[in-house]
Amino acid sequence: MLKILIGLILFVHLGSAQRSTAPRSTCSRWPNIRHTTFDCSGSHCTVNCTTGYEFEDSNGQTSSEFNCINGKWISESGVSKCEAICDPACVNGYCLSPGSCVCLEGYTGAQCESAISDCDNVYPGYTNADVSSDGTFTSFTCYDGYTLQDGNTTLDMKCENSQWISIDPNQNFAANCYPMCEYKGIKYTTGQKFKVECDNECTCGTDGDLSCTSKACIGQCSGDPHCKTFDGLSYAYMGQCSYHLFKVDDIVGQEIDIISHHTSCVYFADPSVPNASCLAGLTLNAKYFGRSTSIVFKNDSQSSVEVNGVDRTSNLPIAVLGGKIYIRKEDSNVLSATFSDGLKVTWVSKGYYESSITVKAPISYVGRTRGLLGTTDGDQTNDLITAEGIVQNNAAIFGTSWRVTEICDNSTFVGDAPDTCAMYPERKAKAVEACSYLKSEIFAECPVDATGNYESCLIDLCAAQNEEAFNGFRDIAYTTLT
Ligand SMILES: [Ca+2]
């Protein structure tokens, strides 16, 4: 009796479980389809493909209703199994798992789109590189100290349609590696161009040799005054004294010291800007194997010249220092002194505000110059080096260090350029408009940085007290850069 009771309880319990979780038919408990999830009730199941899968031959169907019919789960929409999705589709292969193609023999690539052909090991020509290849992909690595024409050191290729092509379309060239060039400890790649001293340019050749232009170095002070060093740094310095503009004394048997004389511009400028200083002339002292001479170019109406204290204005042209220096008048107000090695000093005497001193030095002077025109080494950052050898970023300290004597006859002011646009804010907008020309696209390709010229232009144009002065200063500013 007890066994019958237990059996009855067990029967009732199992019957209850079967009704709630599985169909009553003879189907298995759920459809046995890979890569699916399903929700069943009685003899009905909703079957969903898992992420990355869809029903085979179904145009993207991912869900289907199944019914238990004659002991089998049958889809209402006729589908039977889920397959992986590859998008883009596999071209010459099949989709093994979501996004992953298995290629047929003879094909390769993410979508099996590339035929593995007969490139074999016949690479395009290459030089100075190590090469590794598996027959389908080839990597070239340049030897140490060599680069490809784009400056990189590696190039990868793949075999496609019986041809080796670069994987990076920007490297559509053969794997020829070239030796690098070196200049002052810096390496450059073949074809690379770079600026060096005095606005010269070097190009790295395919043989590792440099070819460089050899333009003379030009430094200048002009106006009230604005100076530009040999390496192109522009600055304004309003000292009123005599200064070493250009000094060289490390060439055997030769010493050169060009001294520029700066004085007050009060006779010419807006009296309310008393700090400006103008060029009053220059003295050129030279020694050559025991002989010496002193040449003075003056800022007077005759643009007169003195040699060793004697006026020689009416004797020009003349050669001095045993023919080492040739002095001539190039125009009514333009004087020049040219050395036999090509060094040339030009003095333009056009009243204080428009006067200028230009020094044109051959490339042989690179690294030898000192003074207000800076050091000629291609580096602007060391141009404001004082007479004591300290690099400054303050033009006033720098300029003052190059005074010929510490006591100046007319030394009423030594310092930075006055901020004339702050002194006369009503003039600023017009000055900015005119000076902005120096920042225009016309000068975009210009190798000279025009920033300094722009600042100098603002100082001058804000100082202009009338239309005539404004136009004059503007023309000077434009001419200086162009
Ligand atoms: Ca320099």
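These legends go with a set of close-up views of the model above.

Residues are numbered from 1 along each chain, following its sequence as written. Keep in mind that this is a predicted model: local features need pLDDT of at least 70, side-chain atom pairs count only at pLDDT 80 or more, and totals for chains, interfaces and linings use all residues.

**View 1. Confidence along the chain.** The pLDDT, which is the predictor's confidence in each residue on a scale from 0 to 100, has a mean of 83 over the protein, and 85% of the residues reach 70 or more. A contact here is two residues with C-beta atoms, placed from the backbone, within 7 Å. Residues 410–415 also sit below 50 in pLDDT, with 17 contacts beyond near neighbours in sequence.

**View 2. The open sheet β1-β2-β4-β5.** In this view, 4 strands form an open sheet in that order, with antiparallel pairing. Strands (E, at least two residues) and helices (H or I, at least four) are DSSP runs, numbered from the N terminus, and two strands pair if DSSP finds at least two bridges between them. The edges belong to β1 (36–41) and β5, each with a single partner strand, so one side of each has no neighbour in the sheet. Neighbouring strands are turned by 30 degrees against each other on average, direction ignored. The axes behind such angles are lines fitted to C-alpha atoms, for helices over the stretch in contact, and angles run from 0 to 180 degrees between N-to-C directions.

**View 3. Strand β4 and its two partners.** On one side, β4 (residues 63–69) pairs with β2 (residues 44–49) over 5 antiparallel bridges; here S64 is the bridge partner of V47. Strand β4 also pairs with β5 (residues 72–75), again in the antiparallel sense, over 4 bridges. Along that pairing, F66 is bridged to S75, and N67 to I74. The hairpin of β4 and β5 has 2 residues between the strands, and N70 takes a positive phi near 50 degrees.

**View 4. The two faces of β4.** Which residues of β4 lie on its covered face? They are S64, F66 and C68, while S63, E65, N67 and I69 make up the uncovered one. In a regular strand the side chains alternate between the two faces of the sheet.

**View 5. The hairpin of β7 and β8.** Strands β7 (residues 93–97) and β8 (residues 100–103) run antiparallel and are joined by 4 bridges. With 2 residues between the strands, the turn includes G99, which has a positive phi of about 75 degrees.

**View 6. The open sheet β21-β22-β23.** This one is built from 3 strands in that order, with antiparallel pairing. At the edges stand β21 (193–196) and β23 (210–212), each with a single partner strand, so one side of each is left without a neighbour in the sheet. From one strand to the next, the twist averages 30 degrees. Strand β22 (residues 200–204) is joined to β23 by 3 bridges, and T203 has S211 as its bridge partner.

View 7. C462 sits in helix α6 (residues 451–463). Is C462 buried or exposed? C462 is buried, because 26 other C-beta atoms lie within 10 Å; buried takes 20 or more, exposed 12 or fewer, and partly exposed lies in between, with C-beta atoms placed from the backbone. Not counting residues up to four places away in sequence, C462 touches T420, C421, Y424, R427, K428 and A431. P425 is 37 residues away along the chain, with 8.0 Å between its C-alpha atom and that of C462.
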